[in-house]
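Hello,

Here is the structure I promised to pass on to you. Please have it open while you read, and my notes follow just below.

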Amino acid sequence: MDAALALAADPAQPAIRRARALDALGEALPPDKTAAVATLLTDKEAVVRAAATRLLRGLPPAERAKLLAPLLADPVASVRIAAAMNMA
């Protein structure tokens, strides 16, 4: 998991590769990795931001909403949709 998160956070890697690294983690995010994923919610690449939203599905609803609510105003529609879907 640490290797995948490190890859996802590496801006030298192609955005699609970073997003796929997040997708490979599924939805089983240990609580101690929440902060690392939360930083990816502000990544410059929309595909990475959208992928990061999916990893937060296992969080308690209030915590998940707090992290994802700002993405409802993201300039990219796919990120807004991903945030809304993963808040539900």
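Let me start with a polar contact (a pair of N or O atoms within 3.5 Å; within protein, one must be able to donate a hydrogen and the other to accept it, and residues adjacent in sequence count only if both atoms are side-chain atoms): a polar atom of the Asp74 side chain lies 2.9 Å from the backbone nitrogen of Val76. Before you go further, please note that this is a predicted model, in which local features need pLDDT of at least 70 and side-chain atom pairs count only at pLDDT 80 or more, while totals for chains, interfaces and linings use all residues. Residues are numbered from 1 along each chain as its sequence is written, and side-chain values use heavy atoms, leaving out hydrogens and water.

Back to Asp74, which sits in the loop between α5 and α6. Helices here are DSSP runs of H or I with at least four residues, strands are runs of E with at least two, and both are numbered from the N terminus. With a relative accessible area of 8%, Asp74 is buried (buried means under 20% relative accessible area, exposed over 50%, and partly exposed in between, with a 1.4 Å probe and protein chains only). Setting aside neighbours within four places in sequence, Asp74 is in contact (heavy atoms within 4.5 Å) with Arg49, Val79 and Arg80.

Arg49 leads us to helix α4. Eight of the 10 residues of α4 (residues 46–55) are buried, so this helix is largely enclosed by the rest of the structure. The buried ones are Ala46, Val48, Arg49, Ala50, Ala51, Ala52, Thr53 and Leu55. Their cover includes α1 (2–8), α2 (15–24), α3 (34–40), α5 (61–68) and α6 (77–87).

Thr53 is worth a look within α4. Its relative accessibility is 0%, so Thr53 counts as buried. Apart from neighbours within four places in sequence, Thr53 is in contact with Leu41, Leu68, Leu71, Ala82, Ala83 and Asn86.

Now for two other alanines. Ala62, in helix α5, is exposed, with a relative accessible area of 63%. Ala9 is in the loop between α1 and α2 and is partly exposed, at 45% relative accessible area. Not counting residues up to four places away in sequence, Ala9 touches Arg18 and Leu40. Ala9 and Leu40 are 31 residues apart in sequence and 6.9 Å apart in space, C-alpha to C-alpha.

Happy exploring, and do write back with any questions!

Best wishes
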